[in-house]
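Please look through the sequence and the structure shown here, and then read the report below, which takes up helix packing and aromatic rings in turn.

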Amino acid sequence: MAVLYIKEQGAFIQKQDDRIIVTKNNNRLLDIPVFKIDNIAIIGNVQISTQALHLLMMNSVDISFLSFSGKYLGNVASDASKNIFLRFEQYQYYLDVSRRLTIARTIVDNKIDNQISVIKNHRWEGITYNWHKDIESLVKYKKKIADTKTGNELLGIEGICSNVYFGAFGKMFKCDFEFTGRNRRPPKDPINVILSLAYTFLTKEVCSALDAESFESYLGFLHGIRYGRKSLALDLVEEFRQPVVDRLVIILFNKKMISAYDFETEDGRVTLNEDGFRKFCNEYERWMTGKNTLSGEKSYRAIIRKQIDLLKRSITQEEEYVPYKWK
């Protein structure tokens, strides 16, 4: 099954029998049977016909919409899951402050473990950087998690550890670009551009999987409630940031799979050009569907679905939730 990323501005998606056709200016860009499609991501000024939407929904194909800059806007999906009882259980879980804080602590604790693992597993040969100090700092703050009393305290620890981690992360690149820290809205350098786009794609994956299982995506345990924010999706994304996105970004730049020719700068804003975007989508799909976990047992896309199933059991059967740990 394929995930299609359509960013050709001015393109039009339509159906023909049981096939999805993408055209622009009467030129056919893509012709694919609907049964070969798992998900479609529509980016920017791309139109889709009602008939194509109906065909995709009847075949349980999710359609995600993103802005031209890569901001996730939302998705359209068939009415595949109607588990209102799971949502009731999720609301009760959220209202139990002790249980909510327990899973929030687990999320942050696991994220710091993944940060430590990425730093430890990086090949530091020939780099005069004392990454051991960063590990010590992360371990120190990790020990404070058990004493936290609120979600805000946890987010404070998470923020401090992310700053420490990104300090080491920036030293991992052997390419023509520098990473001096995380920036966004809009990202100001090529590495941050790819990080933001990959995090957006990851969030889209998690949102679609949560919606398919009838979770209330807006009700998170760590990120809490904020109007218009899919907090539960952000909770799940935390356990995959380092193993999925950060490792992929390091590989893309250090192996020269993404280069300066793939970016454009206009009015101080850095963006991927069309060739760069196609490269990124191809590599992202290979990464998500291949055996790129450390043990090589499953694809990351399959592991995301497995974790969401574990979360469902945790909520409905009061089992302990164990986030994905990369070692």
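## Packing of α3 and α5

In this predicted model, helix α3 (residues 97-121) packs with helix α5 (residues 151-169) at an angle of about 5 degrees, and their axes are 10 Å apart. Angles under 35 degrees count as roughly parallel, and α3 and α5 are therefore roughly parallel to each other.

On the α3 side, the residues that make the contact include L101, A104, V108 and I112, while α5 contributes, among others, L154, I157, C161 and Y165. The residues of this contact between α3 and α5 divide into 11 nonpolar, 3 polar and 3 charged.

Across the whole structure, a search finds 22 aromatic pairs. One of them joins Y93 and F221 in a tilted arrangement, with 5.0 Å centre to centre and 50 degrees between the planes. Because Y93 lies in helix α2 (residues 84-95) and F221 in the loop between α6 (190-212) and α7 (231-238), this pair ties together parts that are 128 residues apart in sequence. Both Y93 and F221 are buried.

Another pair, formed by W124 and W131, is stacked, with 6.1 Å centre to centre and 10 degrees between the planes; W124 and W131 are both buried.

## Charges over rings

Which residue lies over the face of Y94? It is R100, at 3.8 Å from the ring centre. In a further case, the charged end of R241 sits over the ring of Y199, 4.6 Å from its centre.

Terms used:
Residues are numbered from 1 along each chain as its sequence is written. This is a predicted model: local features need pLDDT of at least 70, side-chain atom pairs count only at pLDDT 80 or more; totals for chains, interfaces and linings use all residues. Side-chain values use heavy atoms; hydrogens and water are left out. Rings of Phe, Tyr and Trp (its six-membered ring) pair if their centres lie within 6.5 Å; planes under 30 degrees apart count as stacked, over 60 as edge-to-face and the rest as tilted. Helices (H or I, at least four residues) and strands (E, at least two) are DSSP runs, numbered from the N terminus. Buried means under 20% relative accessible area, exposed over 50%, partly exposed in between (1.4 Å probe, protein chains only). A charge sits over a ring if NZ of Lys or CZ of Arg is within 6 Å of the ring centre and within 35 degrees of the ring normal. Axes are lines fitted to C-alpha atoms, for helices over the stretch in contact, and angles run from 0 to 180 degrees between N-to-C directions. Angles under 35 degrees count as roughly parallel, over 145 as roughly antiparallel, 65 to 115 as roughly perpendicular and the rest as oblique. Contact means heavy atoms within 4.5 Å. Ala, Val, Leu, Ile, Met, Phe, Trp, Tyr, Cys and Pro count as nonpolar, Asp, Glu, Lys and Arg as charged, and the others, Gly among them, as polar.
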